[in-house]
Amino acid sequence: MSSYKNFVRKYKKSIGAAAVALTLLLSAGCGGGGQKAADGSDPLDVTINTNRVSSALTVLGENAGYYKDEGIDVKLHVMNVAYADILSALTSGKVEATTGGVGSTAPLRMIENGADFVIIGGQMSEGADIVTLPERADEWKPENLTPEKLAGKKIGVVRTASGDIALRGALSKKGVDLSTIQFVELGNEPAIIEAIKKGELDAGNVQANLRDTAHQAGLVSALHIDDVAPDFICCRIITTPENLKARRADFVKFLRAQLKAYRLIHTDEGKALPLINQSIEVDPAVLKSQVFEDKHLGLVPDPAKLRVEDFYDSMKRVGYIEGKVNIDDHIDATLYQEALASLLKEEPNDPIWNQLKADYIRNDGPWPDDKNGGDGK
């Protein structure tokens, strides 16, 4: 049996197994053991996703000892299940924050429908491709994404995928009438890949963790979605106002640890890779490729407030939502800024911290109390 067929079989099997295991995973977690923190407070309960890289920063914070260094007890709950189950664990109070596995579309749409979520940090951005047959790759170059050339095309998508929203939003901004394109919604990326091979689709939008699978099936990446939608967001760190009010100081410590994990990724690959691989159940070669070599996938704890606003606008453009809420009321970048500012105070000459400050100004707005008008200088 081919590696592709093996993947599809394992993919379907894992979904069912994960759903059965959900209750046990919530109670057991994979760290902290439900014990009290050193100061007598409860552990901070956080979800992680271990079958893709979206929780890499969170697990690295644990495995590198950064949460312990910050004096915070973090209990990680493995939830390789549907986003609805993950967000349900947050709304029901079983966990206090989510990291990987929920993307951006689902929580933003739930906010649109009344859910009281707050985005306080980032986890992953970008990381989606248009894949197609090799002989058709040139059709999907950015310069060919015109109303005339896209009319009648069939593109396979997984509904709510961040890459789908980002692409449709970018095309809408370019003046493309989305109704002239057939966006064919399928259940998962393997189904999209198979449909392209059969000639039923012209191309498909797949996440980075399925990119290698598409390539093994004989397809090519003809377009990186960030080529037309730079810095589009994916998984965010999400909590609730109640949790934020009760545990703000702990969340700042959590984000300090995430920032240290980010720095380790960018300064010591040899140390960071095996620590991530302790928890992220991805082939080490694939993990290395995605975390350290892929220039079209970002792992950054910055909440990216302005990018969230843009993504919310794209969801409105493509008809996923009406845009009924002020999304700014559900984004709090101050915790991340406080965490980064405290690290800058401790190490003012650290190039990573200074670059992240400049990125904050680009992604979130002016740096508080910046006498130079928020230019980061």
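**Ground rules.** I number residues from 1 along each chain as its sequence is written, and my side-chain values use heavy atoms, with hydrogens and water left out. Since this is a predicted model, local features need pLDDT of at least 70 and side-chain atom pairs count only at pLDDT 80 or more, while totals for chains, interfaces and linings use all residues.

**Entry 1, the open sheet.** I took helices (H or I, at least four residues) and strands (E, at least two) as DSSP runs, numbered from the N terminus. Two strands pair if DSSP finds at least two bridges between them. With that, I found an open sheet of five strands in the order β8-β7-β9-β6-β10, with mixed pairing. Its edge strands are β8 (182–185) and β10 (220–224), each pairing on one side only. Neighbouring strands of this sheet are turned by 35° against each other on average, direction ignored. For angles, axes are lines fitted to C-alpha atoms, for helices over the stretch in contact, and values run from 0 to 180 degrees between N-to-C directions.

I then looked at β6 (residues 128–132) and β9 (residues 203–207): they run antiparallel and are joined by four bridges. Ala 128 has Gln 207 of β9 as its bridge partner. Helix α8 (residues 189–197) packs on the sheet and touches β6, β7 (154–157) and β9, where contact means heavy atoms within 4.5 Å. The direction of α8 makes about 155° with that of β9.

How do the axes of α2 and α11 cross? Helix α2 (residues 56–63) and helix α11 (residues 269–277) have axes that come within 9 Å and cross at roughly 100°. On the α2 side I listed Ala 56, Val 59, Leu 60 and Asn 63, and on the α11 side Ala 272, Leu 275 and Ile 276. By class, this contact has six nonpolar, one polar and no charged residues. Ala, Val, Leu, Ile, Met, Phe, Trp, Tyr, Cys and Pro count as nonpolar, Asp, Glu, Lys and Arg as charged, and the others, Gly among them, as polar.

Tyr 360 lies in helix α15 (residues 351–363). It counts as buried at 6% relative accessibility; buried means under 20% relative accessible area, exposed over 50%, partly exposed in between (1.4 Å probe, protein chains only). Beyond its neighbours within four places in sequence, Tyr 360 contacts Asp 302, Ala 333, Tyr 336, Gln 337, Gly 365, Pro 366 and Trp 367. Asp 302 is 58 residues away along the chain, yet the two C-alpha atoms are separated by 7.0 Å.

Ser 314, in helix α13 (residues 305–317), is buried as well, at 4%. Leaving out residues up to four places away in sequence, Ser 314 touches Ile 165, Gly 169 and Lys 173.

Cys 234 is buried at 6%, and Cys 235 is buried at 3%.

**Entry 5, strand β4.** Five of the five residues of β4 (residues 118–122) are buried. Four bridges join β4 to β11 (residues 236–239), and the two run antiparallel. Val 118 stands opposite Thr 239 in β11.
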